Amino acid sequence: MVVEVIFRKVKRFGSSVVQKCCISHRPAIRKLWYSACALSILSLVICAYYITNVQLNSMIKVPKELTFRCKSSADRPFDNLRNGFGFPPTNVHASNARLRLDAKVLVFVETQYSHLGRQISEILEASRIKFKLEIAGKSLPLLTNLDKGKFAVLVFENFEKYLHMNKWNRELLDKYCREYNVGIIGFMKAQEETYVGAQLKGFPLYVHTNMAVRDYHLNGDSTVLRLTRAGEVFYGNIPGSDWTVFQPNHSTYEALASARSQTYHSSLANKGIDPLLTTVVHDHGNYDGISRVLFGNGFQLWIHRLLFLDAISFLSHGKLSLPLQRFILIDIDDIFVGEKSTRMKPADVMALLNAQARIKRTVPGFRFNLGFSGKFYHKGTSEENTGDDMLIEHADEFWWFCHMWSHSQPHLFENITALEMEMKLNREFAKKHGIPLDSGYSVAPHHSGVYPVHEPLYEAWKRVWNVRVTSTEEYPHLRPARLRRGFIHRNIMVLPRQTCGLYTHTIFLDKYPGGPEKLELSIKGGELFHLFVYNPVNIFMTHLSNYGNDRLALYTFESVIKFVQCWTNLQLITLPPLQLADKYFQTYPEESDPVWMNPCNDKRHRAIWSAAKSCEQLPKFLVIGPQKTGTTALYTFLSMHPAIVSNYPSPETFEEVQFFNGRNYYKGLDWYMNFFPVPKNSTDKYLFEKSATYFDGDLVPMRAHALLPAAKIITILISPIKRAYSWYQHMRGHKDPAALNYSFQEIVTTGDRGHKALRELRNRCLMPGMYAQHLDRWLSYYSPQQLLIIDGEELKSDPVAVMSKVQQFLKIKPFLNYKDHLRYDPRKGFFCQVSQERNNTKCLGRSKGRLYPPMDPQTEKFLKAFYLPHNIALSKLLTKLRQPIPFWLEKDLSHGS
């Protein structure tokens, strides 16, 4: 268009000039006109050509190519060295000594909100290294458990806190480090005053503070380096002007990293002067018997994150070493789906194939993994349609996985038949065009249906595609990315998926969110780079449009892979999805069990959760037990209230759902919610659930809080001795062989070598009565204001008063006066519900309120001694919670000693 306009104007102007030249009658003037005419036309043509090409060139996006290379070596193909991956041997941080240490880090922070302390925590979380945070102060946490050290490495956010620790604590800490061979990592915090040659208290080590440095070097001979690859130099000014550098005065110290002062002039190098300043120092422990690694700055420089992980690995003698293999898979979503003029053309497909071949030279097994929706095949421009054909022509050179036929969101389908039809159309398309069908992997479009789980999606996947692996970035939440995890549901392995800034709209480098500089920072020591560092398994989400246009994805991944290989000893490998999932859950078997979160507490989750579901269908409070304390009576009394609604009964466990403990949890959130009605008015009903087995379940408080963080918790306590005996009698009533064939004393005194059936019954008799231990677990997730502890003896003797307390605790309306609804029944020996029609009582079944034979005095004495420490702990806990001490507890304590 631009060309035509310009040439029309040139033609018009040229014609007028020629006419003037031709009508002139004087030869000299005519000759002059001819020269001017020719010169003008030539100038206009050149101008038009220049303007046109400049404009066209500005419209054509030229894909950015990889420019940097490792400074220390050329590319390292995976098959050119003996270890098969092209990497030199790395340091192995292992000790032949018999170490009595837990694989855990103790981190001393200045405050719970301190910036560097949060960064340390985030690195440990991302690397899945167990740790405990402790605010540096007057007291120390318990460092040992029996004859075993509880921490393999100590970290001080501010090393000054260690240097100036009070004498008693310092001696205890140093003794622990020497006895258990535990190392210390310390960070030198920024100082307001500048010190030159100041000695660290008690050490032959001097420091200079508030330095500005550049050109970061690593000591290639250091045995600390394992993850970090020595040999590279980070040239240029280093962020910050508050660096501390070290000047050792003892052979125990070795530089781990060093840099030049920014005031250093290169001309000094010609004179043989190269004053590298030590920025990270390794204390071998030859001075005082304790190994240390001291950092002259926090994490302003990304290299320090690598060195920090290496220091943890080295000082823990390999107990906290990260594996060096990294398994990666790059998904390309939305194949055939992109809008016109954003899709891949033949040249882009060829570039994809060429890039795949280049990456495969350094990443064994590498292939791109393409996800397709067949409905949009051949919906681009003619050139893009040729690109579609070219992808199918080379189908065998890629891996493939299915999206939905029309790229629709699965959670919008309540009808599984319609959902299956969508999948079958895509499957027929794949068959017709020779796309492989056996990957066993799928990803739902728009992050829908995988988590929060849409049960019809999982079922349809298995029926149509035999899906065994999927991935999502939504579990447990999109942010923070470092906490993404995997789980297994309905025998489908769900892997964490990583975003890398390459979304459907991210197609041009100059339009990258935050600018091209942000992408470069992410690649070179930033967020994308650290995903490779922290995660042994990465699935990256990219899109079709990222491979056309600027081919931004190719530049991004070739760059980050090169940067990882330059600066680390990580060995990158690609596996097909099924093998990748097996590798993931072999590495993290504890992640197999899902944790169901409340979808309404995350707006992203609410947006991809079925509209047919409502969080009002979840209970507002739980009655958690323990068993044989009066929970069934409380359940009955609560159900009498007009505003309180219990769950529907279970065919297996009657009034108890028993979701948060046992196998029912793996049936999923939909299964649980089906036990509760959907309230017509969200404010007029209080849903609740009673499961008496929740009280002492190890995982129950965590699971319950994940789904019901705002719920209130009600528990009932009676004498643990009485509760244990009641459970034994309960099991006799249910014809349990162990209870029928053995006395109560034989059961509770059974040793750990006793018969399995006896040990199991002993545990169910005794363990729930360790009340303080279980309450502490609940209080680690729920606040004291969310917990109501009911005295079971008071519930039996004065239920009207107790139910008034319960209503006040729940803040429930209307208030029900239970005096009109409960009456003491002398035949049963407890209060029963008043029948309004006949004005008589309706009591619980025969099994409730039974009188048992008296307990053997010797057994009672044994149990009082057994429960004494637990009752003391309960008394302290109730006092701390400002709860009254029940009479039965006073009695057990007074006779327990």
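Select Glu397 first, in the loop between α9 (382-393) and β17 (399-402); helices (H or I, at least four residues) and strands (E, at least two) are DSSP runs numbered from the N terminus. The model is predicted: local features need pLDDT of at least 70 and side-chain atom pairs pLDDT 80 or more, while totals for chains, interfaces and linings use all residues. Residues are numbered from 1 along each chain as its sequence is written, and side-chain values use heavy atoms, without hydrogens and water.

Glu397 is partly exposed, at 36% relative accessibility (buried is under 20% relative accessible area, exposed over 50%, partly exposed in between; 1.4 Å probe, protein chains only).

Next, select Arg170 and Asp174, whose side chains form a salt bridge at 2.9 Å, N to O (a side-chain nitrogen of Lys or Arg within 4 Å of a carboxyl oxygen of Asp or Glu). Both lie in helix α5 (residues 167-180), 4 residues apart. Arg170 is buried at 16%, as is Asp174 at 7%.

Move to Lys690 and Glu656, a salt bridge of 2.9 Å, N to O. Lys690 belongs to strand β25 (residues 686-690) and Glu656 to the loop between β24 (644-646) and α18 (669-673), so the pair ties together parts 34 residues apart in sequence. Lys690 is buried at 1% relative accessibility.

Finish at Leu851, in the loop between β30 (840-842) and α27 (857-880). Leu851 is exposed, with a relative accessible area of 82%.
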